[in-house]
Number of protein chains: 2
Amino acid sequence: MGYAAGLFLDYSLITMHGLHLTADLRHCRCAPVWLTDAHALGTFCVQAVQDTGLQAVAQVFHTFPATEQGPGGVTATVLLAESHLCVHTWPEQAGVTLDVYVCNFGADHSTKAHALMHALMTLFAPQQVQSHSLQRG
Amino acid sequence: MGYAAGLFLDYSLITMHGLHLTADLRHCRCAPVWLTDAHALGTFCVQAVQDTGLQAVAQVFHTFPATEQGPGGVTATVLLAESHLCVHTWPEQAGVTLDVYVCNFGADHSTKAHALMHALMTLFAPQQVQSHSLQRG
């Protein structure tokens, strides 16, 4: 996978280790469309993945039905060569949960994971954030 | 959403809160097909979701190309009414990472999340597990 044999890197230890960032956003000040339009949000996610140098390999977007509280939320998932991005929205409370998980496939992608999270946080512009970072693998 | 108005439940607090379970598995003793066959793994995941009483709303499965180490891994993602299930496999090291994330959509789904995680752990039969549990939202 691009490693020079002379480096004596243990491939089995490199690829599965990774970083999983989560952020739970409340009181998002973004345009409501980002919380309700799966196509718009999905397109943004795929572009953000590309812009941060990660590699999208598949995607699935879903719109939930409207409720008594208003339009339904959406889920946008982008599968990455490096693991995945998942976004869930709750428009009735201007809430969003974000997952950016990158394994160390081919390199340490931690910086790209933080950049992708930053792009999404900038989009949603929350007033309240609960974040976690988990080393995995 | 099935809530009786007389209960005075705060909808905004109920739905977004949830439980995110992760497990990183090494030395899985399952049949190799579960680590390399996206269709087989995806079908198992959808059935396990259904068996545990969660609601699948969409899915996407991806097979990675083979490498010098052997067959490529797979990603199986099932979007849930209650959030998502993501499985990534690393067949060259018999490794798997699992994410089971359930928001409290309509009810507390924590027990179902643990049951789904148990079903996947039983399938993969790892010799080593690193687990985390995160309250979200």
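## Sheet, helix packing and aromatic pairs

In chain A, strand 1 is joined to strand 5 (residues 95-103) by eight bridges, and the two run antiparallel. Strands pair if DSSP finds at least two bridges between them, and strands (E, at least two residues) and helices (H or I, at least four residues) are DSSP runs numbered from the N terminus. This is a predicted model, in which local features need pLDDT of at least 70 and side-chain atom pairs count only at pLDDT 80 or more, whereas totals for chains, interfaces and linings use all residues. Residues are numbered from 1 along each chain as its sequence is written, chains are lettered from A and ligands numbered from 1 in the order in which they are written, and side-chain values use heavy atoms, with hydrogens and water left out.

The six strands of chain A form an open sheet in the order 2-3-4-5-1-6, with antiparallel pairing. Strand 2 (56-63) and strand 6 (128-136) of chain A stand at the edges with a single partner strand each, so one side of each is left without a neighbour in the sheet. From one strand to the next the twist averages 10°, where axes are lines fitted to C-alpha atoms, for helices over the stretch in contact, and angles run from 0 to 180 degrees between N-to-C directions. Strand 3 (residues 74-80) and strand 4 (residues 83-90) of chain A pair in the antiparallel sense over six bridges, and L80(A) stands opposite S83(A) of strand 4. Helix 3 of chain A lies across strand 2, strand 3 and strand 4 of chain A, and runs at about 25° to strand 3.

The structure holds two aromatic pairs over all chains. Rings of Phe, Tyr and Trp (its six-membered ring) pair if their centres lie within 6.5 Å, and planes under 30 degrees apart count as stacked, over 60 as edge-to-face and the rest as tilted.

| Ring pair | Centre distance | Plane angle | Arrangement |
|---|---|---|---|
| W34(A) and F44(A) | 5.6 Å | 65° | edge-to-face |
| W34(B) and F44(B) | 5.6 Å | 65° | edge-to-face |

W34(B) lies in helix 2 (residues 33-36) of chain B and F44(B) in helix 3 (residues 38-51) of chain B, so the pair ties together parts that are 10 residues apart in sequence. W34(B) is partly exposed, with a relative accessible area of 22%, and F44(B) is partly exposed at 24%.

R136(A) lies over the face of Y101(A), at 4.5 Å from the ring centre, and R136(B) lies over the face of Y101(B), at 4.5 Å from the ring centre; a charge sits over a ring if NZ of Lys or CZ of Arg is within 6 Å of the ring centre and within 35 degrees of the ring normal.

Notes: Buried < 20%, exposed > 50% of the residue type's maximum accessible area, 1.4 Å probe, protein only. Contact = heavy atoms within 4.5 Å.
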